[in-house]
Amino acid sequence: SFGYNPAGFGMYQRNEISITLGLGIAQAKNYNAYNTAGNNAVRFAMNNFGASFKVYESSKKLTAINFAVGYNKVADYNYDMAYQGPQTSSSLADAFADIANANSLLINSDGKISDSNGYIDYEMNPYFWGSVMGYKAGLINKGSNGWYPDEIANGAKMTQYTSLQSRGSAGEFSFAFGFNINNIVYLGASLDILSIQRKQTIYYNEYIDYEGTLPDATEYPYQLRNFQYGQTFAVDGTGVGAKFGVVVRPTASLRIGFAVHTPSYYSMAYRYSASLSSSALSAGDNPYGWKVDNGYVYADENTPTLRDSGDYRWEFSTPTRLLAGVSYTIGKYAIISADYEYSASRALKWSYTPADTGYTNETFDSSLKGTHTVRGGIEAKPVPWFALRVGGGFRSSVLNSDYDFVAFSEPVADTFWYASAGVGFRLSEQTSIDLAYQYRNTRYSDYYSFYTKLGDTPNASPLYGLDIVNHNIALTFAFRF
């Protein structure tokens, strides 16, 4: 009722308190990748707790009013993945050089990088921070023809490893009222206080090898052998939204429901930092006089932490969602239900960003489309104290197939389907316990680890695909009085 249609609270005949504990196992499957070890994450969590209380009861037309309060976890961001891409001739160093060339970055006399507005190093737009670190760690340099990978010769082959750890969840605290009118019409409304916490840590490793003869030491006195690029993203946000619903019971067995979820309005703080470490073979006479350790030159560079908060916060509103459902009970022995949901995903709007808000809205508007979700299930009670149930659902693609998804900085959740099963036991008139399992498969958009294009040929990682499979187990305890 909290998650879909608060009119369900109007149907409660007694007070009830419940809590749901969950075990989630996430398995990431990467396509066009190798050595996909360490792609499992296991998390324990509290998925739901709530209480519904009867605050009014009468024999009149308004039969009852129930008040409910609780918490629902609505999204889980916990997963790990690690993989190796096929060998390629494109390096992340090429992308750093492309970014520096496209934006006319300069090297000042004191060795610092500046943009066309005179901002220096990490005072510049964070989009340029990778190029700044690439220069300071020896990956790129600037010559008479522009920026170029300084320590990588022609004929180099790159082996790329990526690992990602994602942690966090989104949840909503809800306050709801349900109204029972003559045991035929049920109305409901909820106020939802929303929260999001998510942290991602990405490590990109690149190893440079040469087939056959190594580069000439005179031309390449320093020869890059490997580097690691680490990035940390963190988001904390709060929001507010509402739900309104109605359920009609034209006959004793048939229930028809409708609900609308208003846009939820979020304000979020965002943090970002990055690091770059490199190792280069000192193959020549060390013309720059760098410190050499066992034949290698090492470099480490770290950015400050970008904090988008306060006056630099991010604010957006989610799309409206429309829901309809129907269920039919077969005596006291079974119930069949089906639901449909439409989300106008293109209606997601940014009202404030530290960057170009208009461009951000244009990007989302052109890349997203409305989604359709269907759910269905059946529950059987062969005896009054025992219930069995199975169900499933599917959501259509949220991504516009005509859009070029290179603009996204990570894979975007596209379609999903799930199947579930559960058993329930009534231990007494007051207590019950329920155990449920859900298999969920989420397909993500194809993505690159990096992508730039200045000429006809892009500098890009291999194109990857991603599925995340979740095995969710939920244990619910309920007490009625």
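Predicted model: local features only at pLDDT ≥ 70, side-chain atom pairs only at ≥ 80, totals over all residues.
Contact here means heavy atoms within 4.5 Å. Residues are numbered from 1 along each chain as its sequence is written, and side-chain values use heavy atoms, with hydrogens and water left out.Ser 90 sits in the loop between β4 (79-84) and α1 (92-102); helices (H or I, at least four residues) and strands (E, at least two) are DSSP runs, numbered from the N terminus. Ser 90 is buried, at 10% relative accessible area, where buried means under 20%, exposed over 50% and partly exposed in between (1.4 Å probe, protein chains only). Beyond its neighbours within four places in sequence, Ser 90 touches Met 158, Gln 160, Phe 450, Pro 458, Asn 459 and Ala 460.

Now for helix α3, which covers residues 357-367. Its two sides look like this:

| Side of α3 | Residues |
|---|---|
| Buried | Thr 357, Thr 360, Asn 361, Thr 363, Ser 367 |
| Exposed, turned away from the buried side | Tyr 359, Glu 362 |

The buried residues fall within an arc of 160 degrees seen down the axis of α3, so they line one face of the helix; the arc is that of the directions from the helix axis to the C-beta atoms. Their cover includes β19 (349-352). At the start of α3, a side-chain oxygen of Asp 356 comes to within 3.1 Å of the backbone nitrogen of Gly 358.

As for the whole protein, there are three helices and 26 strands, and the C-alpha trace spans about 95 × 45 × 35 Å along its principal axes. Of the 481 residues, 45% are buried.

Definitions and conventions:
Polar contact = N/O pair within 3.5 Å; in protein donor to acceptor, adjacent residues only side chain to side chain.
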